Amino acid sequence: MKKFASAWSVVAIVALAAIADAGVVIDEQQVIEQPNGNKVTRASTVMIEGDKQKRIVDNGNRTIITDLGKGTMTMVDGTRKSYVEFPFPPKGGSMAAMQGGVTPTINFKKTGGHDKIIGYSCDVYSGSGTVGGNAVSMSGCFSDSAPGANDYSNFQRKMADKVKGTSMANMGQIPQGVPLTLTTTMSNLPTTGMSSDQANKPNQMLTHRQFVTSSTVSSIATKSLPADSFEVPSGYQKQQLPAMFGGMGGGPPMPPAPRKVPE
């Protein structure tokens, strides 16, 4: 369950936002390299309008809806026609459970590199830290000229305001702009309290226990979105929260609270 929480934490790093009168729609391709050597390729679509975001993966089989105004995050299972709604930000012991007992941190720095993705210039940043008790390293190219770039930053600011006073506020600094490419490597942290010989064994195995997710935006545009875009489909059944989140209490894996990265 900790890997599940960590994965959603990382996924949430690429949340996008839109202007009040229109939405931003982003299509991207993801390649996931699993520890067993298998590679999974999938499409993902992100839709954002105001303080709401919707991420669709696996051809609609899984959807995550974040509503900062209502203070909720909803995970929708299209195959079972069910959903689970969490408070956002999460509260109490569920926050510690999702972090794996380790305070999350992600720190980004500008590398000086530049690129051009689907016609938009972007600056390369790299970052590293911990999420959900796992070591995480990230590298991405962020564009402030792509459609929705300013709105992305506005959404991140709203999210940062929402989580003030919680440990989520310590999760680091997200670069300005839209991440047109993003590569995330997640691996288990070495266990503390071991001898040097014991610690070296898991370290030697670390590269074989990594999840590497590479995302590339294939299209990005602003457009009007239907009023029900951020609602759970009619007829879906609401389920109780998993036990790890305290039954009817708790919350979902946490996205980071971004702040402006120093130039």
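Modeller: Helices (H or I, at least four residues) and strands (E, at least two) are DSSP runs, numbered from the N terminus. This is a predicted model, in which local features need pLDDT of at least 70 and side-chain atom pairs count only at pLDDT 80 or more, while totals for chains, interfaces and linings use all residues. Residues are numbered from 1 along each chain as its sequence is written, and side-chain values use heavy atoms, with hydrogens and water left out.

Colleague: How many Å does helix H3 reach from its first C-alpha to its last?

Modeller: H3 covers residues 149-162, which is 14 residues. The expected span is 1.5 Å times one less than the number of residues. For H3 that expectation is 20 Å, and the reach in the model is close to it, at 20 Å.

Colleague: Which strands are included in what covers the buried residues of H3?

Modeller: Buried means under 20% relative accessible area, with exposed over 50% and partly exposed in between (1.4 Å probe, protein chains only). Among the buried residues of H3 are Tyr152, Phe155 and Met159, and Asp151 and Gln156 also belong to them. Their cover includes strands E2 (39-49), E3 (52-57), E9 (134-143) and E10 (178-188).

Colleague: Which strands stand at the edges of the sheet?

Modeller: The sheet is open, has twelve strands with mixed pairing, and runs in the order E7-E8-E9-E10-E11-E1-E2-E3-E4-E5-E6-E12. Two strands pair if DSSP finds at least two bridges between them. Two members have a single partner strand each, so one side of each lacks a neighbour in the sheet: E7 (105-117) and E12 (237-238).

Colleague: What is the bridge partner of isoleucine 106 in E8?

Modeller: E7 and E8 pair in the antiparallel sense, over ten bridges. In E8, the residue bridged to isoleucine 106 is glycine 129.

Colleague: Which residues have the most contacts inside the largest nonpolar core?

Modeller: A nonpolar core is a set of buried Ala, Val, Leu, Ile, Met, Phe, Trp, Tyr and Cys residues joined through side-chain atoms within 4.5 Å. The largest has 31 residues; strand E1 (23-33), strand E11 (211-223) and H3 are among the elements that give two or more residues to this core. Its residues with the most contacts inside it are Leu180 and Ile220.

Colleague: Which cysteines does leucine 180 touch?

Modeller: Contact means heavy atoms within 4.5 Å. Residues up to four places away in sequence are not counted, and the partners of leucine 180 include Ile117, Tyr120 and Val217. The cysteines among them are Cys122 and Cys141.

Colleague: Is threonine 72 buried or exposed?

Modeller: Threonine 72 lies in strand E5 (residues 72-77). Beyond its neighbours within four places in sequence, it is in contact with residues including Ile65, Phe86 and Phe88. Because its relative accessibility is 10%, threonine 72 counts as buried.

Colleague: What separates the C-alpha atoms of leucine 182 and methionine 138?

Modeller: Leucine 182 has its place in strand E10 and counts as buried at 8% relative accessibility. Along the chain, leucine 182 and methionine 138 are 44 residues apart, yet their C-alpha atoms are separated by 7.0 Å.
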